[in-house]
Structures are given as structure tokens and as C-alpha cells.
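Keep the structure open next to you as you read.

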Amino acid sequence: MLSNFVSRMVVPLALALLVAACSSTPPAPTPAPTQVPAKPAPTTAAAAPAAGPTAAPAQPTTAPAAKIDFPTKPISMIIPFPPGGSTDVGGRIVGALLEKELGQPVQVVNKGGAGGQLGWTDLAMAKPDGYTIGMINLPHLPAVVVDPTRKAVFKQEDIVPLASQALDPTQVAVAGDSPYKTFKDLVDDAQKRGKQIKVGIVGILQDDEIGYLQTAEAAKFNLQPVRFDGAGPAITALLGGHIDVTFCTVGDNYVQAKSGKIKVLAVLDKERTTKFFPDVPTMKELGYGELLSASTRGFAVPKGTPEPIMAKLEAALLKVMRSDDHVKKIEDAVSP
């Protein structure tokens, strides 16, 4: 179940506002007080493992970009999570295609920490010249800005969205050899042992925790949260037996699930994710009402980036994300 939007507006305060702005197309195939960091030198992280689902972006809503002398040097792409999660993999796929479209290298900089806050601080404080772009996630980014305990040094309007890549539903998953064979098995045990059961969550008030809190309230249990800076480390902990259950997205755990290393028990969406997990029931099907949670991923630039440069970047992003090459690379990435 995937939706996409194209926008040039201030990041909304809630995911609901984003979803309202989306135009749907059929699917094509974590925190501490932060200080303004020094701008990192572009570095290329190791190649990431496979990612999950995406959808071709919506049609452009702006006129074709005017001819400008941009770019003339490499572009840095800040990914605010460690390598291995769906945000990282989706960004790398787009970055490689963007290189061909713009004729300059796109250098990935993984800046994980504080649930995305460190990377977004770098993005917000970067020189607004188009040579620094970054990936953003909802509801993660608004949660950083509106929570006073996060002590963000940037404002919501300091990061300007260009285009969105995908909306990825949240799932409840356990290790393949877990004693929990169904969601009911988990609920029955959780209602007895509660905080003896460890649940992996990425960040604070991000889609994972929002999904967990809804589920815990509906199913009347209270587990012990273990927080991670990205989905990759959370899944590694699950496979290593350090946690008992995770709330991650379809894209985060698809490959491991298809190989049998992970078992997905439920999805927090209006309907089943039929293309990827047709046998996994929704919470509504399981009798807990319509519980909805998802991560939306896209691309943005610092406030003050000149309009002609934003227009060129937006047009290039849309072109590569609508391409058959993008769809094929995403589908190859989710094939175990």
C-alpha cells in the first residue's frame, strides 16, 4: 500500500497533513540535546543490504526547470540513519540514478543518531546552494521539532521538502525461530509477562513507536522498549536474540522475512500488503480496530536554496524515480 506526493512546502506537523497532500499512484512492480555540528566531509559508506517497497512518484507539478549552471561539482546526500535500513537503501538507489541525470557524483553521507536528529541538524545548517540534499522521514522529522525535550537547534521551516519516494507501512515482527507463531501468541504472553519481553523501536515518536503504542493500548500489554538509531541495528538485535519483537516497516524486514529469518505477525495498514506480505493480516482483521502507522521517505534541501536550483533538483528526482530503472532496482533490492 504505497502513496506518493510532490510538494514544495514547509514540513507538516503531523503525518496526517502529509497524507492529505499525497496524490496516489498504483504500485509500480533516536534522542539527546544536540549542538550544531561541523559540516562533515562527504564520505561514502559501505553498500547497504536490500530494501523494501516503493512506488513511482507522482507527476511533476512544476514547470520544467530553467537552464542553469548547476551542478558543477559533487552533491552530498545526507541519510540520517545508519546503513542497512530502507531509508538508506532507497536513498542510495536514487543517488546512483541522480548522478547520471545531473552529470555529477552524489556522495552518500550516513549521519545516524538521535533518531535522525543529527543528520537533519547537518542538513538544516548546510550551505543552501543545492550541493547538500538529504532524506527526510515522517512522522520522524516533525516529532524532533515539536518535542521540547529534543532541544533541536533547527526549526521546521529550515528544511524544505522536494519530493517523496514512498510510504512504507509498519509491521510487527519476530525472529523466525520465535515461540510466537501468531500475533495472538505474542499478546497472550505479553499480557502475562509484560516488560520481560523486549521490543525494538527506532527513535522516539517515530512510526515504530507510534505503531507500538497503538498496538499496546489496543492489545492491553506493556513491553520493555529497546531503542535503536536505525532499523538495521534493530533487526540485527532481533536476529541475535537480544530483543523479542520489533516494530519495523515492510521495507526494513522484507528480505529477512522471505528467507525465513524473520516472521511478520501483523501489519498496521488499512489493508494487507498484498504484493509483499499477502498472508500477513491487518490489526483490524485480528480484532484490534484499524491501527495505522507508516514511514514516509523523501528528499529535501536547506531553507534558502535558490528556487531555480530547487526546481532542477525536483525535476531530476521525479524523473529518476519515475523511471523503469528505479523500479527495477527497488524490486531487485527486495528480492531475497
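Start with helix H7, where Ala231, Gly232, Ala234, Ile235, Ala237 and Leu238 are buried. Bear in mind that you are looking at a predicted model. Just past the end of H7, look for Gly241, which takes a positive phi of about 80°.

Now zoom out to the core. The largest nonpolar core has 32 residues, and the ones touching the most other members are Trp120, Ile159 and Phe277. Several elements give two or more residues to it: helices H3 (117-125), H4 (140-146), H7 (231-239) and H8 (250-258), plus strands E3 (132-138), E4 (159-175) and E8 (262-268). H7 supplies the largest share, with five residues.

Trp120 deserves a click of its own. Leaving out residues up to four places away in sequence, its contacts include Pro80, Phe81, Met135, Ile136, His140, Leu141, Val144, Phe154 and Ile159. Apart from this core there's another one, made of 30 residues, with Leu97, Leu313, Met321 and Ile330 among them.

What about strand E4? Pro169 is found there. Is Pro169 buried or exposed? Its relative accessibility is 1%, so Pro169 counts as buried. Along the chain, Pro169 and Cys248 are 79 residues apart, yet their C-alpha atoms are separated by 8.3 Å.

Next, helix H10, which covers residues 324-333 and has His326, Val327, Ile330 and Ala333 buried. Why do these line one face of the helix? Looking down the H10 axis, the buried residues fall within an arc of 130°, so they sit along one face. They pack against helix H2 (86-102), E4, H8 and helix H9 (307-321).

That brings us to H2 and H9, which also pack against each other. Two packed helices are described by the angle between their axes and the distance between the axes. Here the angle is about 120° and the axes of H2 and H9 are 9 Å apart, and H2 passes H9 in a right-handed crossing. On the H2 side, the residues that meet H9 are Val94, Leu97, Leu98, Glu101 and Leu102. Their partners in H9 are Lys312, Leu313, Ala316, Leu317, Lys319, Val320 and Met321. Sorted by class, the contact of H2 with H9 has nine nonpolar and three charged residues, and no polar ones.

Key. Residues numbered from 1 in each chain as written. Predicted model: local features only at pLDDT ≥ 70, side-chain atom pairs only at ≥ 80, totals over all residues. Heavy atoms only, no water. Core = buried A, V, L, I, M, F, W, Y, C linked by side-chain atoms within 4.5 Å. Buried < 20%, exposed > 50% of the residue type's maximum accessible area, 1.4 Å probe, protein only. Helix = DSSP H or I, 4+ residues; strand = E, 2+ residues; numbered from the N terminus. Contact = heavy atoms within 4.5 Å. Arc of directions from axis to C-beta. Axes fitted to C-alpha atoms, helices over the stretch in contact; angles between N-to-C directions. Left-handed = near helix turned anticlockwise from the far one by under 90°. Nonpolar A, V, L, I, M, F, W, Y, C, P; charged D, E, K, R; others polar.
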